[in-house]
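Open the model in your viewer and keep the selection panel at hand. Each stop below says what to select and what is there.

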Amino acid sequence: MNYVIIGNSAAAIGTVAGIREFDSTGNITIISDEKYHTYSRPLISYWLEGRVSEKNMMYRPADFYEKNGVTPVLGRKVTKIDPQKKCVVLEDGLQVQYDKLMVATGSKPFVPPMNGLENVHYHTFMDFDSAKAIKSEVKDGMKVLIIGAGLIGLKAAEALAANGAKITVVDMADRILPSILDNRAGVKMQKYIESHGVKFILGTSAEEFTERTARLKNGVSVDFDMLIVAVGVRPNTELVADAGGKVDRGIITDMTQKTSLDDVYAAGDCTVSYDASSDTNRILALLPNAYMQGEVAGRNMAGREFRYVNAIPMNAIGFFGLHIISAGSYDGEEYVEETENTYKKLVFRENRLVGYILIGDVKRAGIYTSMIKERIDLGDVDIELLKEKPQMMMFGKARRLEKLGGITK
Amino acid sequence: MKKVYVNEDWCLACHLCEFYCAAANSGADSMIKAFRDGKKPVPRIQVEEGSEVNFAVQCRHCDEHPCVKGCIAGALSVSDEGVVSCDENKCVGCGTCILSCPYGCIVPDEEAHVIRKCDLCVKNHNGAPACVEGCPNNAIVFEER
């Protein structure tokens, strides 16, 4: 059996794990246009900050490919999937045959058209090479303008602040981190990040760029020595679309992670997922989701039958030492507690916990996450204990025995 | 695989397991040295106290191990025997495992910017779960189920 995986990040590694659970001998080839041993994309900000060494960027040990019987083909780009001939074609013309193919191509930075941007040197912040390019240019006291106050823009801001840069963040939205926070939490995080020297200009966007200046639509001009565009990301869907596979905003798969093409699977940031917390199909560009989708796909590629269910949006992230954990949907009845340094929002719908945001005190948040994923009915749950903090005490004895005692009736 | 289980009818909520755990994983060879000079090593076991029952909670070393699958740094791994452990040199303390653990068993160490978790004392000098040895009421056991 020949397994071919396009991509070399979390979804690809999950696929290898899934395949090897059931097939210890089939050939696995990983093809990636990046030259690196599998590394952690989310760690690029930690590396830029100086908290993680290049060696510790490795997502799996150095002997991972060897131990798992994987042939890595690195630094070479796949340009075409031929589903009739069942092969992928590389840019140098090499054809690699597959029996089962995984498309784990991730996403790419989205750079919207902006006046004058084509004449300006700018960075995106997505992969190790982009982080290295920034690192090679950043200097103490440098003025950095970041377009985009989402997860990527603000992780870049934190890392560059540690390099001594003076940072201004501009976003069209009137609040920061809209993908994971509500208004109130956004304001709280904004104040906190501002207290670490980052300046925000919100509710406006760039009218025009000249070499070292951005003129904003609100009339303000911002000078910069370095420009970073972190507006968003877009799934890499072209290979599957060009091969005739079904693609929407991302690659469409069924619950087994199979695409509409025979023997072609997809996982991770390039796909559309079913969000069980909001009952909608959406892009869930999250590392845990990527790995687990890959794992399910791998098992299925090896001839088993698994389904990937219970995917929800979820995030754990911190800025300047203040932690945020959030999950699920924020559409429902709210319970909110706020202190100077903490924020807790629980969202209920149909007698279930469907979402939450925790800032500051994030301890044991996974208990809440599991309640969302497992759609636990609150009939057997002590609501006061639930609101107080995540704790196993809120459940009835039967669930505790099952979860903690390893005893099921 | 042998795991640590708690009997909630027997737990006295004395919290001794937390101290034995913290000391065993502190690198010090005694309880006194572990807590000397105001040091506060973080326990990987936590006692929940209720109005009727109490119990200790620590890593279930579960088959699903969503912490390992979700770890952004590749710091968490599961051994061939099934023990889930953390390479604290690789951990960046992002908290994705805290977000993922359905039992709330992964503990942040705010000072060290890493997480701490139970590895059944396989890596420390104790060699066997210190919480079990230290429990005065046999409320925590180490056994196959």
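**Before you start.** This is a predicted model, in which local features need pLDDT of at least 70, side-chain atom pairs count only at pLDDT 80 or more, and totals for chains, interfaces and linings use all residues. Residues are numbered from 1 along each chain as its sequence is written, while chains are lettered from A and ligands numbered from 1 in the order in which they are written.

**Stop 1: chain B.** Select chain B and colour it by secondary structure. Helices (H or I, at least four residues) and strands (E, at least two) are DSSP runs, numbered from the N terminus. Trace them from the N terminus: the order is β-α-α-β-β-α-β-β-α-β-β-α-β. The radius of gyration, taken over C-alpha atoms, is 15 Å for chain B, close to the 15 Å that the globule rule gives for 145 residues, so the chain is as compact as a globular protein of that length. That rule is 2.2 Å times the number of residues to the power 0.38. The C-alpha trace of chain B spans about 40 × 40 × 30 Å along its principal axes.

Of the 145 residues of chain B, 50% count as buried. Buried means 20 or more other C-beta atoms within 10 Å of the residue's own; exposed means 12 or fewer, and partly exposed lies in between, with C-beta atoms placed from the backbone.

**Stop 2: the contact.** Now show both chains. Two residues are in contact if their C-beta atoms, placed from the backbone, lie within 7 Å. Chain A gives 39 residues and chain B gives 28. On the chain B side, β1 (3–6), β3 (54–57), α3 (66–70) and α4 each give two or more residues. The largest share, four residues, comes from α4(B).

**Stop 3: α9(A).** Select residues 365–373 of chain A. Nine of the nine residues in this helix are buried, including A:Y368 and A:K373. What covers them? The cover includes β20 (314–319), β21 (322–328) and β24 (352–359) of chain A, together with α4 (96–100) of chain B. After the helix comes A:R375, with a positive phi near 50 degrees.

**Stop 4: A:A243.** Jump to the loop between α7 (238–242) and β17 (264–266) of chain A, where A:A243 sits. Why does A:A243 count as buried? Because it has 20 C-beta neighbours inside 10 Å. Leaving aside neighbours within four places in sequence, A:A243 is in contact with A:I81, A:P83 and A:L261.
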